[in-house]
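Dear colleague,

Please find below the structure that I am handing over to you, followed by a summary of what was found in it.

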Amino acid sequence: MDPIYIPQLAKMLDQTMQIEVSEYLPDLETLTPVQGKMQVWHRGNYLEVVAEAVAIVTLTCDRCLRQYNHRLKVNASEMIWLQENLEDAEDYPLEREVSLEELIETLPPNGHFKPAEWLYEQLCLEIPQRKLCDRKCKGIPVTDAPLDGAVDSRWASLEALKRQMLN
């Protein structure tokens, strides 16, 4: 997906661009290409972006460490304000208070909108925080240590040091 030059979008019929998505996105490892559609409207002082897309990713269960496939489904919309950035982000201190008005996405009116990057961010937000292969996953089975007192040979040196310290 190529970046969209915002002034060019404003000159298009109905100021709208429809994008059919059927490709792998960089930096997002998926088993299948991302499939779906996006629409971008130029609304004067903001862009309206709507997307529906699906992809399948391989995740690792947090409990048992097995890999499993998970379907990511995006049904997202966002308004991106068009305004020149008055302040450079590098001039900000490391810690500062952020007002609610600053929590909006902005682009310069003569800049580019990158649909692949926006869709990547939306798909990443759909990856579950808690990755479980099954609701009833019990995790890695834990076995008790051998009852005969046998020690794993890799720990023999440490066991010898322990006996030496006790004597």
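V50 stands opposite S77 in β5. The two strands concerned, β4 (residues 46–60) and β5 (residues 67–82), pair in the antiparallel sense over 15 bridges, where pairing requires that DSSP finds at least two bridges between two strands.

This is a predicted model, in which local features need pLDDT of at least 70 and side-chain atom pairs count only at pLDDT 80 or more, while totals for chains, interfaces and linings use all residues. Residues are numbered from 1 along each chain as its sequence is written, and side-chain values use heavy atoms, with hydrogens and water left out.

An open sheet of 5 strands has the order β2-β3-β4-β5-β6, with mixed pairing. Because β2 (16–23) and β6 (106–107) stand at its edges with a single partner strand each, one side of each is left without a neighbour in the sheet. Helix α2 (residues 115–126) lies across β2, β3 (34–42), β4 and β5 and runs at about 130 degrees to β5; axes are lines fitted to C-alpha atoms, for helices over the stretch in contact (heavy atoms within 4.5 Å), and angles run from 0 to 180 degrees between N-to-C directions.

In total, the protein has 3 helices and 7 strands, which are DSSP runs (H or I, at least four residues; E, at least two) numbered from the N terminus. Their pattern along the sequence is β-α-β-β-β-β-β-β-α-α. Of the 167 residues, 25% count as buried, that is, under 20% relative accessible area with a 1.4 Å probe, protein chains only.

Terms used: Buried means under 20% relative accessible area, exposed over 50%, partly exposed in between (1.4 Å probe, protein chains only).
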